[in-house]
Amino acid sequence: MINSVSAKVKVDPKDAKVSMAHFYVAFIALALGGLMGLLQVLVRSGKFELPLGIGYYEILTTHGVLMGLILTTFFIMGFQYAAVSKTAGTHSNAARRAGWIGFWLMTIGTLMAAAMILTNKASVLYTFYAPLQAHWIFYLGLTLVVVGSWVDGAAQIMTYAKWRKNNPGKPSPLLSFMAVINTVMWIVATLGVASTVLFQLLPWSLGLVDRVDVLVSRTLFWYFGHPLVYFWLLPAYMAWYVVIPKVIGGKIFSDSLARLTFILFLLFSVPVGFHHQLMEPGIDPAWKFIQVILTFMVVIPSLMTAFSLFATFERYGRSKGAKGLFGWFKVLPWNDARFTVPFIGMVAFIPAGAGGIVNASNQMDQVVHNTIWVTGHFHLTVATAVLLTFLGVSYWLVPHLTGRKLTKSMNKLAIIQGWVWFIGMTFMSVAMHLEGLLGGPRRSSFSTYGNSQQALDWIPYQIAQAVGGSILFIGIILFLIIFINLAFFAPKGEEEFPVGEAENLEEKAPLVFENWKLWLGITAVLILFAYTVPFIDIIQNAPIGSKGFKTW
């Protein structure tokens with residue numbers, strides 16, 4: 001009886017407004033960022049030149065910031081805010097106020113950063129990379145985005161804490177637990193980027209100091225930059241673990257396994273930033289080696305997730321009478337966009353994860369470092385596994401929040417959108433990986449490098465990327481049509497917020513999983529172990545520092 005009642009619980013309309021506000025900004029960022037991505041691949045094909053004196057690196061920065069930071073952060077905060085409201089109870093007035101304050105801080109910060117990029121005062125590549133120097137308003141804007149996300153996260157933690165207080169001795173709702181783990185990981189990770197912006201980049205861009213220590217800046221950035229990837233990924237895992245089983249009519253394989261997976265991500269996703277800096281001088285190789293080992297530890301919860309998901313699929317299939325090794329595969333609900341679109345993302349994560357192991361391996365990274373292979377990997381992880389899951393979530397969450405229905409026609413269009421995305425990304429990402437193996441650089445505009453034969457060999461792959469990017473942009477247009485329909489025009493009705501149940505309801509998750517002092521303590525110890533000595537070395541042996549460069 002309890003389960004049937006909880007299945008009918010709707011997110012409170014006041015909470016729904018907060019989430020939808022986040023989604024509006026997220027998908028405006030998707031539209032503009034996607035357009036910039038299309039322009040990038042067209043320029044890199046060598047067949048197209050930007051009009052009106054627009055610079056390539058201007059659109060590169062716009063694409064990176066809007067897609068990598070704004071789209072993801074706004075969507076994740078909106079999704080988690082709704083998920084906590086659904087599973088831990090309606091947000092209090094204080095938590096809702098925090099949600100709105102966080103939203104407006106992030107939105108104002110976004111507008112500030114976007115204004116500087118679009119007026120060509122912040123062409124500093126994906127987010128920011130010293131010694132390229134942006135206008136101080138750009139750095140202040142991104143600081144507001146981060147601070148706003150902390151306030152947003154505080155709203156979720158407040159509601160989770162209230163549930164814990166009212167339900168002593170019980171494990172919290174799985175979806176709320178996952179949302180809080182991701183929020184805590186994000187707060188820990190963003191301390192690094194907040195430090196470099198507040199203490200280095202802002203004073204430097206304001207002219208208060210003349211030079212910046214590039215290695216310190218990049219080390220603090222990558223302290224944040226790798227857990228950023230898991231901040232994107234864990235909400236997709238939330239949908240895979242908790243939502244997808246309910247959508248297909250199955251059960252969560254193990255509640256405890258899901259919680260343990262998220263705890264492991266909290267522990268091992270932060271102290272691994274050096275594997276992005278394997279080719280940088282100034283960092284002791286022994287500490288790089290230690291962080292590479294910690295990086296490979298993150299493979300374990302990913303494999304646990306793969307096992308859990310496919311166990312859920314197979315057990316569901318067997319319950320429907322499926323026979324043979326892959327008989328279960330046939331009975332999955334392929335005509336339901338809520339399942340099919342995220343499933344395409346799941347499959348994309350298999351080669352994406354394999355590519356990540358290559359990037360994190362010292363010897364192999366020497367082959368692909370700063371080549372467009374890395375960009376191809378990035379687009380398989382974030383722009384396919386994560387983004388397709390986010391879009392799949394939107395297909396039921398947006399109508400749930402707006403009191404509308406996902407119609408048959410929109411469901412069909414959503415499935416088409418998922419396959420269009422898959423085809424476009426196959427063209428683009430495969431071409432990026434292959435060109436990277438041939439030495440094609442990332443972050444660079446089209447050039448034949450004086451008609452060098454090696455550079456000429458890259459051009460067919462760059463044309464393939466333009467084909468793939470064009471198909472992907474069609475996928476974005478299809479999604480925006482569906483989103484606008486579900487937000488404003490679909491028929492009124494009730495769309496389910498699917499929350500799965502564990503297969504074994506007697507299995508209670510150990511309360512040690514919610515011992516925050518323990519897990520935050522271990523996280524702090526791992527971070528201090530991985531960073532304290534090398535960071536002291538970096539500062540003690542620092543060169544004079546670099547002046548700011550503006551190459552545009």
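Is F224 buried or exposed, and what is its relative accessible area? F224 is buried, with a relative accessible area of 4%; buried means under 20%, exposed over 50% and partly exposed in between, with a 1.4 Å probe and protein chains only.

The views show a predicted model, in which local features need pLDDT of at least 70, side-chain atom pairs count only at pLDDT 80 or more, and totals for chains, interfaces and linings use all residues. Residues are numbered from 1 along each chain as its sequence is written, and side-chain values use heavy atoms, with hydrogens and water left out.

**View 1. F221 and F224 form an edge-to-face aromatic pair.** Their rings lie 5.9 Å centre to centre, with 70 degrees between the planes. Rings of Phe, Tyr and Trp (its six-membered ring) pair if their centres lie within 6.5 Å; planes under 30 degrees apart count as stacked, over 60 as edge-to-face and the rest as tilted. Because F221 and F224 are three residues apart in helix α7 (residues 214–248), about one helical turn separates them. Helices (H or I, at least four residues) are DSSP runs, numbered from the N terminus. F221 is buried as well, at 3%.

View 2. F310 is partly exposed at 27% relative accessibility, whereas F313 is buried at 1%.

**View 3. Q462 lies in helix α16 (residues 453–489).** Q462 is buried, with a relative accessible area of 4%. Not counting residues up to four places away in sequence, Q462 touches V41, R44, S45, E435 and F446, where contact means heavy atoms within 4.5 Å.

Notes: Helices (H or I, at least four residues) and strands (E, at least two) are DSSP runs, numbered from the N terminus.
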